[in-house]
Amino acid sequence: AMQRQNTRIEEGDAVLFHTGWGTLWGRDNAKYVRTCPGIGVAAAEWVIQRNPMLMGADNWPVECAPSKTMPEASLPVHQIALVINGVHLLE
């Protein structure tokens, strides 16, 4: 997507992911909070390597929930972004 849009992530950027899930908010809240699409651990690590100020999405946790790559962990992207790297999440 970045190549098609001729853009890149630079240090200090806000990186926002549009999943389309936000359209459920206020229309089907039960489905909105049950599970959702979002980024996984590998995508989060790739973005974080570029040192953004924050990552955000149009879903409730930014990341895919439940996690497909680390199903035993509770919100692993939160842990990687916030705790380990100090990257804020906009939810």
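Trainee: What is the strand order in the open sheet, and which pairing does it have?
Mentor: The order is β1-β2-β3, with parallel pairing, in an open sheet of 3 strands. Keep in mind that this is a predicted model.

Trainee: Which strands are at the edge?
Mentor: β1 and β3, each of which pairs on one side only. On average, neighbouring strands of this sheet are turned by 20° against each other, ignoring direction.

Trainee: Over how many bridges do β1 and β2 pair?
Mentor: Over 4 bridges, in the parallel sense.

Trainee: Which residues of α3 are buried?
Mentor: In α3, residues 76–84, the buried ones are Pro76, Val77, His78, Ile80 and Ala81.

Trainee: Why would residues three or four places apart point the same way?
Mentor: An α-helix has 3.6 residues a turn, so residues at that spacing end up pointing the same way. Look at Val77, Ile80 and Ala81, which are among the buried residues of α3.

Trainee: What do the buried residues of α3 pack against?
Mentor: Their partners are α2 (41–48), β2 (54–57) and β3 (88–90). Just after α3, Gly86 takes a positive phi of about 70°.

Trainee: Which residues other than glycine have a positive phi?
Mentor: Asn51 and Val62 are two to look at. Phi of Asn51 is near 60°, and phi of Val62 is near 75°.

Trainee: Where is Asn51, then?
Mentor: Asn51 lies in the loop between α2 and β2. Asn51 counts as partly exposed because its relative accessibility is 39%.

Trainee: And Val62, buried or exposed?
Mentor: Val62 is buried, with a relative accessible area of 0%. Val62 is found in the loop between β2 and α3.

Trainee: What else is in that loop?
Mentor: Pro66 is found in the loop between β2 and α3 too. A cis peptide bond joins Ala65 and Pro66, with omega at about 0°.

Trainee: Changing topic: what volume does the largest pocket have?
Mentor: About 310 Å³. Of the 14 residues that line the largest pocket, Ala1, Met2, Ile9, Val15 and Phe17 are the closest to its centre.

Trainee: Which elements supply at least two residues of that lining?
Mentor: β1 (14–17) and α2 each do.

Trainee: How does the lining divide into nonpolar, polar and charged?
Mentor: For the largest pocket, the lining has 10 nonpolar, 2 polar and 2 charged residues.

Trainee: Last one. Where does Thr7 lie?
Mentor: Thr7 lies in the segment before β1.

Trainee: How far apart are Thr7 and Gly38 in space?
Mentor: 20 Å, C-alpha to C-alpha, with Thr7 and Gly38 lying 31 residues apart in sequence.

Note on methods
Residues numbered from 1 in each chain as written. Predicted model: local features only at pLDDT ≥ 70, side-chain atom pairs only at ≥ 80, totals over all residues. Heavy atoms only, no water. Buried < 20%, exposed > 50% of the residue type's maximum accessible area, 1.4 Å probe, protein only. Contact = heavy atoms within 4.5 Å. 1 Å grid on protein atoms, 1.4 Å probe; cavity = no way out; pocket = protein on both sides within 12 Å on 5 of 7 lines; lining within 4 Å. Points joined across faces, edges and corners; volume = space filled by probe spheres on them. Nonpolar A, V, L, I, M, F, W, Y, C, P; charged D, E, K, R; others polar. Pairing = 2+ DSSP bridges. Axes fitted to C-alpha atoms, helices over the stretch in contact; angles between N-to-C directions.
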